Number of protein chains: 2
Amino acid sequence: MLEDKEQKRTSLERLGEFGLIEHLTQNFELNHASSIKGIGDDAAVLDSTEYKTVLTTDLLVEGVHFDLSYMPLKHLGYKAVMVNLSDVYAMNAKATQITVSLAVSNRFPLEALEELYDGIALACKMYNVDLIGGDTTSSQKGMLISVTALGQVNEEQISYRNGARPNDLLVVSGDLGGAYMGLQVLEREKEVYKVNPNSQPDLSPYSYIVERQLKPEARKDIVELLAKLEVKPTSMIDISDGLSSEIMHLSKSSGVGCNLFEDKIPLDPTVISACEEFKMDSTLVALSGGEDYELLFTVKQEDYEKIKGNPNLTVIGYMTEANEGTHLVTRGNHKIPLTAQGWNSFSNSEEE
Amino acid sequence: MLEDKEQKRTSLERLGEFGLIEHLTQNFELNHASSIKGIGDDAAVLDSTEYKTVLTTDLLVEGVHFDLSYMPLKHLGYKAVMVNLSDVYAMNAKATQITVSLAVSNRFPLEALEELYDGIALACKMYNVDLIGGDTTSSQKGMLISVTALGQVNEEQISYRNGARPNDLLVVSGDLGGAYMGLQVLEREKEVYKVNPNSQPDLSPYSYIVERQLKPEARKDIVELLAKLEVKPTSMIDISDGLSSEIMHLSKSSGVGCNLFEDKIPLDPTVISACEEFKMDSTLVALSGGEDYELLFTVKQEDYEKIKGNPNLTVIGYMTEANEGTHLVTRGNHKIPLTAQGWNSFSNSEEE
């Protein structure tokens, strides 16, 4: 599949820790006025005097969160940033800075890390965030990436998880299940490759879902759209673990219940056809698949007029009193408690 | 040596990721007004409207930065925080918040992580910092800790690395070489233990240097002392890699040279006696040993009266014009270029 050609290998030891950071980050620029000092001192210095600061951090571990046999390093760098920016946007904030720390075994040459940083640089450019710090070190095994992302927001614009109220509408951006089905395709091709390394898979019918897995985009545009529409979500979360899990987080934090309508869940046609091919239930995939990095939020009923008909947003349910519980209302009009179909049902297949 | 008794082992799988974070962080309180929202949403929320924010991050990897055969987990948690706070203090800032991310293999039971978090909690309490976020995940091998620390400072009080001027005095807090000699003692005892697991080492003669290695303290007190003395360092850095390396960082960043006097380098008597025992040169150990987490800074000549005689501070040299280079002035009054004795001379023994 995606073979590392390794035409050039520069040993990391030749550069040393300081040389490595300097080399990898030399083309990164600071574009935000709030980035007073970036890489090169004991700490970065930020000016957050006009806004509140949001801060989030995520750890990506090789063999747990990514598989380099089908994940190109440039995509990995890009995705590592996206995963964190998604959390910033889920606060209804503007992402402004990131730090990237890296632990790598001596199996990686400098050229591999350059590819990784190419992806990080592309993400910084596309999303207008400044790389302001980080750390690089060796690991005993594999690669580990720790990213921290910062953002800015006016206090009154922050969307916490706990602000949903009964009768608020439940809205999701984009469509769901794609990243999970992309992973299924990639895992299948990996197995084929093991048996026949000369096989040339045609992934073109799956390009949308494979891209959802390998190169997800955080929904900066949705935060900007909501600001333009003058809609402030009463609560918001990003979908990293699956719709069901995130609905339960919002419901629990806000002290409300929820009715989710199966027939409203947005699915791309590619997801539906892949689910048919893999004999999977598309609703279950959307509920439990994870890694979609869409935004899930609640809005007041009176904001419906502002969002209706927008192709990026789908109303998929509404919040209820807490004692009504969190339910999926099926196409056949049955109510199934969401716990039963939550991401936990996938845990056996995802754990080692 | 420090045997893990493992009287109780609770598998991490039983808790799941969310349960684990909740469990480990349940007793952490937010004490800073600037910590608006801590753990429990997509991101933490901070108020930095009155000060500038400094931010630093460090990655600690088992087998590279620490060895659990002699590093108790509580100490490791404490040290992981100290390493980062030290960078905040090196900006002349007040440390206020941290995030802690953790990757652990299934070899660690819940009780081990509780010990680690006990150390983190103690560090938070002693240094008055709030734990505001983090991530926990599994690793393929060993333990990895990623800490990000934040601090606050008035812009005019920030001490960057680049502010040293010729004739500024070079000052160091505390004493040097202890952490490195403590490591030598611990490594020796580990070898003894391998041969005879029933040996009962008497580490009491080495308690000072062993503690410097296992439970270092970041110099919050020095930042407070300097504020009280109304001394603003013209440049500052923390000593993590060794005096020589840090002097060269300050000199290079500031565009100046430096004369360091060998006979002024502060050494604890325990370090001197351990160096004799291990047949090591104490000056070389101080220059290249690392992990002392003392503060190295420069002050204007006119501030000498304010700092002289303070038992926490030692003037060890002065800055020169850049073209004079960075030198060690030996006891015999020879001038040796600092590059020659820098931490690079240790690199063979420290790398894998």
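Okay, let's start with a term: buried here means under 20% relative accessible area, exposed means over 50%, and partly exposed is anything in between, with a 1.4 Å probe and protein chains only. Strands and helices are DSSP runs, E of at least two residues for strands and H or I of at least four for helices, numbered from the N terminus.

A quick word on ground rules. This is a predicted model, where local features need pLDDT of at least 70 and side-chain atom pairs count only at pLDDT 80 or more, while totals for chains, interfaces and linings use all residues; side-chain values use heavy atoms, without hydrogens or water. Residues count from 1 along each chain as its sequence is written, and chains are lettered from A and ligands numbered from 1 in the order in which they are written.

So, strand S6 of chain B, residues 143–153. How many of its residues are buried? 11 of the 11, so S6(B) is largely enclosed by the rest of the structure. In a regular strand the side chains alternate between the two faces of the sheet. In S6(B), one side has B:Met143, B:Ile145, B:Val147, B:Ala149, B:Gly151 and B:Val153, the other has B:Leu144, B:Ser146, B:Thr148, B:Leu150 and B:Gln152, and all of these are buried.

Which strands pair with it? For pairing, DSSP has to find at least two bridges between two strands. Strand S3 of chain B, residues 52–61, runs antiparallel to S6(B) over 10 bridges, with B:Lys52 bridged to B:Val153. Strand S4 of chain B, residues 94–104, is also antiparallel to S6(B), again through 10 bridges, and there B:Lys94 sits opposite B:Gln152.

On to another sheet in chain B. This one is open, with seven strands in the order S8-S10-S7-S11-S9-S12-S13 and mixed pairing. Strands S8 (235–238) and S13 (335–337) are at the edges with a single partner strand each, so one side of each has no neighbour in the sheet. From one strand to the next, the twist averages 25°. Those angles run from 0 to 180 degrees between N-to-C directions, using axes fitted to C-alpha atoms, for helices over the stretch in contact. S8(B) pairs antiparallel with S10(B), residues 295–299, over four bridges, and B:Asp238 has B:Leu295 as its bridge partner. Helix H6 of chain B, residues 220–228, packs on this sheet, touching S7, S10 and S11, and its direction is about 20° from that of S10(B). Contact, by the way, means heavy atoms within 4.5 Å.

Now two glycines. B:Gly38 is in the loop between strands S1 and S2 of chain B, and is buried at 7% relative accessible area. Leaving out residues up to four places away in sequence, B:Gly38 touches B:Leu30, B:Ala43, B:Ala44 and B:Ile132. Over in chain A, A:Gly119 is in helix H3, residues 110–127, and is buried at 0%. A:Gly119 and A:Val81 are 38 residues apart in sequence, but their C-alpha atoms are 8.8 Å apart.

Last bit: how do the chains relate? A 180° rotation with 0.0 Å of shift along its axis puts chain B on chain A, RMSD 0.0 Å. The two copies are thus related as by a two-fold rotation axis. In chain B, the C-alpha nearest the axis belongs to B:Thr49, at 1.8 Å.

Notes: Copies are superposed by least squares on the C-alpha atoms of residues with pLDDT of at least 70 in both.
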